[in-house]
Amino acid sequence: MFKNFPAVEALFIGFALVFCFLRTCHAADDPQTRAAPKPIATASDLFGSQKRSAPLASAAFGSYTRGCLAGSGQLPANGLHWQAMRLSRNRNWGHPRLLRYIERLSGDAARLDGWPGLLIGDISQPRGGPMPSGHSSHQIGLDVDIWFRPSPRRNLSMHERESVWAESLIKGRFELDRDIWSEGHAVLLRRAASYSNVARIFVHPAIKKELCEWAGGDRAWLRKIRAWYGHDDHFHVRLECPAEEIACMDQDQPPAGDGCGEELAWWFSAEAYRPGPAEKKPAPLSLEDLPAICRSVLESR
Ligand SMILES: [Zn+2]
């Protein structure tokens with residue numbers, strides 16, 4: 001009875017091969033039916049396409065450069081003493097602490113210092129995360145760009161909010177443009193640094209240098225004002241992680257002192273502008289590069 005088994009077996013394998021060729025194997029080699037490999041979405045594609053806040057308790061997860069934001073709030077287009085710019089970018093979403101900071105700074109600057117009002121640039125996307133363009137930080141809703149150009153006393157139109165340019169305070173590479181710079185800018189930066197939950201404020205090195213000379217004996221606040229590339233037409237305020245949010249990762253404190261000495265001098269050296277590894281475009285982040293909880297923040301409905 002088993003005499004014919006090898007023949008039956010061979011017949012079966014033969015049929016299987018023909019079937020495979022006709023159906024699967026052959027089809028997979030046919031360019032008409034071969035599926036194009038699915039591109040892997042980057043974290044900036046995923047977070048950049050979110051239109052609304054994640055309906056969860058407010059919390060920042062991860063770091064300023066690798067993180068996300070749950071329960072963000074949207075900065076209204078107009079406040080009593082601010083106007084939000086570039087609304088089409090949908091980057092006026094922040095941690096509630098940051099929105100309160102904007103409210104407080106703009107109010108204090110108007111009432112106490114006579115600053116007409118703030119023009120607010122990018123904060124974060126509705127769920128934070130990496131952005132398809134422009135910033136490597138601003139990912140957890142605790143960073144905000146504030147224009148040096150004061151707000152006009154009337155409401156800007158939607159068209160103006162897209163088209164008015166932030167004005168640079170710098171001529172050439174390092175010279176402060178004194179036609180535009182005013183003591184009011186120095187007072188505003190000192191005010192912006194005066195709140196205890198401010199971690200750092202980034203400005204162009206020539207602006208930091210001016211503040212170092214202007215500050216006189218009251219210098220503690222200068223520690224928070226840090227020279228950085230760009231930041232000639234806006235300053236960038238970074239708030240500390242709220243103490244109770246243990247999944248939010250603070251940056252190390254700035255070095256002790258006012259940061260006006262050698263450290264600042266370095267920014268005026270050729271070395272600071274020599275192309276180095278920092279110039280290389282980093283590989284885009286994937287969802288796996290962010291804290292695991294960012295997947296839930298992304299998918300929460
Ligand atoms: Zn910024």
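## Close-up views of the disulfides, zinc site and pockets

**View 1. The disulfide of Cys212 and Cys260.** In this predicted model, a disulfide joins Cys212 to Cys260, with an S to S distance of 2.0 Å. The link of Cys212 and Cys260 is left-handed, with -85 degrees about the S-S bond. Because Cys212 belongs to helix 6 (residues 205-214) while Cys260 sits in the loop between strand 12 (234-239) and helix 7 (262-266), the pair ties together parts that are 48 residues apart in sequence.

**View 2. The disulfide of Cys68 and Cys294.** The structure holds 3 disulfides, and the one shown here joins Cys68 to Cys294 with an S to S distance of 2.1 Å. This pair links distant parts of the chain, with Cys68 in strand 2 (residues 66-70) and Cys294 in helix 8 (residues 293-299), 226 residues apart. The torsion about the S-S bond is -90 degrees, and the link of Cys68 and Cys294 is left-handed. Cys68 and Cys294 are both buried.

View 3. Strand 2, which contains Cys68, is mostly covered, with 4 of its 5 residues buried.

**View 4. The disulfide of Cys241 and Cys248.** Another disulfide of the model joins Cys241 to Cys248, and here the S to S distance is 2.0 Å. Because the torsion about the S-S bond of Cys241 and Cys248 is about -75 degrees, the disulfide is left-handed. Cys241 counts as buried because its relative accessibility is 9%, and Cys248 counts as buried because its relative accessibility is 8%.

View 5. The zinc ion is coordinated by NE2 of His138, OD of Asp145 and ND1 of His236, at 2.0 to 2.3 Å. Along the chain, the donors of the zinc ion follow the spacing H-x6-D-x90-H. Since Asp145 lies in strand 7 (residues 143-147) and His236 in strand 12, these two residues tie together parts that are 91 residues apart in sequence. Asp145 and His236 are both buried.

View 6. The phi of His138 is near 60 degrees, a positive value in a residue other than glycine, and His138 counts as buried because its relative accessibility is 0%. His231, placed in the loop between strand 11 and strand 12, has a positive phi of about 55 degrees although it is not a glycine. With a relative accessibility of 11%, His231 therefore counts as buried.

**View 7. The largest pocket.** The largest pocket holds about 1,400 Å³ of space. Its lining is made up of 43 residues, of which Gly134, His135, Ser136, Ser137 and Pro282 lie nearest the centre of the pocket. Strand 10 (198-203), strand 11 (225-227), strand 12 and helix 7 are the elements that give two or more residues to this lining. By class, the lining of the largest pocket has 17 nonpolar, 17 polar and 9 charged residues.

**View 8. The second largest pocket.** The second largest pocket has a volume of about 240 Å³. Among the residues that line it are Met85, Arg86, Arg89, Gly121, Asp122 and His135, together with Asp145, Trp147, Trp165, Ala166, Asp233 and His234. By class, the lining of the second largest pocket divides into 4 nonpolar, 3 polar and 5 charged residues.

Conventions
Residues are numbered from 1 along each chain as its sequence is written. This is a predicted model: local features need pLDDT of at least 70, side-chain atom pairs count only at pLDDT 80 or more; totals for chains, interfaces and linings use all residues. Side-chain values use heavy atoms; hydrogens and water are left out. A disulfide is a pair of cysteine sulfur atoms within 2.5 Å. Buried means under 20% relative accessible area, exposed over 50%, partly exposed in between (1.4 Å probe, protein chains only). Donors are N, O and S atoms within 2.8 Å of the metal (3.2 Å for Na, K and Ca); water is not among the atoms, so sites may look incomplete. On a 1 Å grid over the protein atoms alone, a cavity is a set of points where a 1.4 Å probe fits but cannot get out, and a pocket is an open set with protein on both sides within 12 Å along at least five of seven lines; lining residues have an atom within 4 Å of a point. Grid points are joined across faces, edges and corners, and a volume is the space filled by probe spheres set on the points. Ala, Val, Leu, Ile, Met, Phe, Trp, Tyr, Cys and Pro count as nonpolar, Asp, Glu, Lys and Arg as charged, and the others, Gly among them, as polar.
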